[in-house]
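The reader may wish to keep the structure in view throughout.

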Amino acid sequence: MRPDLGIVADMVPRGSRVLDLGCGDGALLEELIRRRGCSGQGVEVSPDAFHACVSRGIPVVSADIDQGLPDFSDGSFDVVVLSQTLQTTYRPALVLREMMRVAEVGIVSFPNFGHIGLRLNLMLRGRMPSSRLLPHRWYETPNIHHCTIVDFEELVRAEDLVAVERVLLNSSGGPAGPWVQRRPNLLAAGAAYLLRR
Amino acid sequence: MTTAGTAPAGSVGRVETRRATLFTQDQPLILESGQRLAPVEVAYETYGELNEQRSNAVFIHHALTGDAHAAGYHEGATRPGWWDNFIGPGKPVDTDRLFVVCANLLGGCMGTTGPASPNPETGDPYGLRFPLFTVGDLVNVHRALLRHLGIRRLLAAVGGSLGGMQALQWSIEHPDEVHSAVVVCSTARLSAQNIAFSAVAREAIMRDPNFHGGDYQRHGVRPDAGLSVARMMAHITYLSEEGMRRKFGRRLQDRESPRFGFDVDFQVESYLHHQGEAFLKRFDANSYLYLTRVMDYFDPFGDMVAAGAKLERVDTRFLVMSFDSDWRFDTAHSRDLVRILAAHRVPVTFREIASPHGHDSFLLEVPEYHRTVASFMRRMEAEAIGGVPGDGPGRV
């Protein structure tokens, strides 16, 4: 499993009922369900990823989360996970609102566009930044709404949500070293948040 | 299983419909209404081999006008069963590994006891004296057939339209008997428009002068005009606007120019006439009344408090699918079902499939649809037979 998914998995309380938005091939849900006593459900728009979930026995609803979450009732989950997906949505604020309607706890992880590597990329080379977490060329990237750690925290406050926990990520998606804590927005390659209403 | 010389590859080959008397005067079928019905004979077919653990059984539920002959070829027949593209060796419901059971519905007219069967009290056909029944009763007859076959638990209950309603009903009422359910272009509740179409179909039958209050058999006649109109209208609802445009457009039937009269001029008219006529050969008008009515009343989540308590026990894994051009039971019907199941922690997988063929899509070979069912069935088989862990402690 990708290191950043391991970090997200560690943030999910054991035994929770989890909705994973943009669940991909279901690797995170498989870990949570088979090894951490959770139960859960995925949402995925890509047909191939959908099939991967079905073959793994992970329940998955094929839907576009930009349309909201009409298939899920208020408070019907304990935790909603949005891992490395926020920046691919057309309406990030709506997605966040829908997450927090369906569960009291939301876990969001995303690549930090304020990371020094990306900043230097643009400043020194004059090119759209890319990195290990952001490998796509500008014309084929699914990432359309990048944000920085500062930007995201501003949205969290604007939505009246509370960030209960924050884990900073290094460029491999693993936990960032302690020195990163001094200047997160400049030094962290990504972040994962545990949010509450 | 013998294979007919003419059967194409991927076919279950030569098959025959068998009959079993499941309820007798001593042990009648007790309907949900409390009424008793006996005898009840059921026509069914099976394909593939039941394994030693009896854990590989799949029940195929037919829709409104289907029958027990879902796959393979009857002796001398050139056309296979109604779901032959779906059931067979290497097909989504793979008879190389699964044991498949399909039965004609209670109230039907293809070998199972229905309104055309003789009423033991009078010796005459029941007609409208046949008791009204529910989807729950249909399922209870299927369960009796399973017991007769020595099977206690299904690997999967599979059906489209009315068939999906049975799979849903079985899973809600007896989740311990159903590992997984495949519910295709179905609904947990007919809409006003759905009921309206059924109502007009029934009116066409009941207003036919040959209907005689349902006792047409005793009068030696049949309400053919009404039944064929009912079928023609229903058939329109099974196709999509786009599908009809593609298939017929405004093309004329065997003519260069229109006749400007009231006879059949357009291809679509000719097609509907053919559908209506062909239907008369195989279907009974009273069965049509009963089996459309059973759908109207189906509403397993009508009392959400009671249903919620039942759903708390359900660990059946659901695959729900719809087709984007289906307006008979459109995607909103499936999504309502998904929302209710997910809200009650029932594991549910859902996908809407693109297909121009409307409600009928579920009977056709739509690749993404078949691929999804095949993946799901493989997984369910691994869980139920192969000991691969399910999704955690069962319920999600």
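In this predicted model, chain B contains 10 helices and 12 strands. Its radius of gyration is 21 Å, close to the 21 Å that the globule rule gives for 396 residues, so chain B is as compact as a globular protein of that length. Taken along the principal axes, the C-alpha atoms of chain B fill a box of roughly 65 × 50 × 50 Å. Of its 396 residues, 50% count as buried. Among the contacts in chain B with a separation of 6 or more, 70% are accounted for by residues 24 or more positions apart.

Chain B is divided into two domains: domain 1 comprises 18-190 + 299-384, and domain 2 comprises 195-294. The centres of these domains of chain B, taken over C-alpha atoms, are separated by 26 Å. Across the boundary, 28 residues of domain 1 of chain B are in contact with 22 residues of domain 2 of chain B. The side of domain 1 of chain B that touches domain 2 of chain B has 15 nonpolar, 10 polar and three charged residues.

The largest nonpolar core has 165 residues. The residues with the most contacts inside this core are Val80(A), Val58(B), Ile60(B), Ile87(B), Val100(B), Ala156(B) and Val182(B). Helix H7 of chain B, residues 285-297, gives the most to this core, with seven residues. The core also draws at least three residues from each of domain 1 and domain 2 of chain B.

Why is strand E9 (residues 156-160) of chain B described as largely enclosed by the rest of the structure? Five of the five residues of E9(B) are buried, so the strand is largely enclosed. A residue counts as buried here if 20 or more other C-beta atoms lie within 10 Å of its own. In a regular strand, side chains alternate between the two faces of the sheet. In E9(B), Ala156(B), Val158(B) and Gly160(B) point one way and Ala157(B) and Gly159(B) the other way, and all are buried.

E9(B) is paired with two further strands of chain B. Strand E5 (residues 57-61) of chain B runs parallel to E9(B) and is joined to it by four bridges; within this pairing, Phe59(B) has Ala157(B) as its bridge partner in E9(B). Four bridges also join E9(B) to strand E10 (residues 180-184) of chain B, and these strands likewise run parallel. Here the bridge partner of Gly159(B) in E10(B) is Val183(B). Leaving aside neighbours within four places in sequence, Ala156(B) is in contact with Val58(B), His179(B), Ser180(B), Ala181(B), Val182(B), Met377(B) and Met380(B).

Chain A has seven helices and seven strands, which follow the pattern α-β-α-β-α-β-β-α-β-α-α-β-α-β along the sequence. The radius of gyration of chain A is 16 Å, close to the 16 Å that the globule rule gives for 197 residues, so this chain is as compact as a globular protein of that length. The C-alpha trace of chain A spans about 45 × 35 × 30 Å along its principal axes. Buried residues make up 46% of the 197 residues in chain A. Residues 24 or more positions apart account for 63% of the contacts in chain A with a separation of 6 or more.

Of the 10 residues of helix H5 (residues 116-125) of chain A, the number buried is one, so H5(A) lies largely in the open. H5(A) is followed by Gly126(A), whose phi is positive, near 65°. Elsewhere, Leu194(A) lies in strand E7 (residues 190-196) of chain A. Leu194(A) is partly exposed, with 19 other C-beta atoms within 10 Å. Beyond residues up to four places away in sequence, Leu194(A) touches Met11(A), Val105(A), Ile107(A), Val164(A) and Glu165(A). Of these contacts, Val105(A) is 89 residues from Leu194(A) in sequence, with 6.9 Å between their C-alpha atoms.

Finally, the two chains meet where 24 residues of chain A are in contact with 28 residues of chain B. On the side of chain A that touches chain B, the elements giving two or more residues are helix H2 (27-35), strand E2 (39-44), helix H3 (47-56) and strand E3 (60-62) of chain A. H3(A) gives the most to this side, with five residues. By class, the residues of this side of chain A divide into 11 nonpolar, 10 polar and three charged.

Notes:
Residues numbered from 1 in each chain as written. Chains lettered and ligands numbered in written order. Predicted model: local features only at pLDDT ≥ 70, side-chain atom pairs only at ≥ 80, totals over all residues. Contact = placed C-beta atoms within 7 Å. Nonpolar A, V, L, I, M, F, W, Y, C, P; charged D, E, K, R; others polar. Core = buried A, V, L, I, M, F, W, Y, C linked by C-beta atoms within 7 Å. Buried ≥ 20, exposed ≤ 12 C-beta atoms within 10 Å, placed from the backbone. Domains from an automatic or database assignment. Rg over C-alpha atoms; globule rule 2.2 N^0.38 Å. Pairing = 2+ DSSP bridges.
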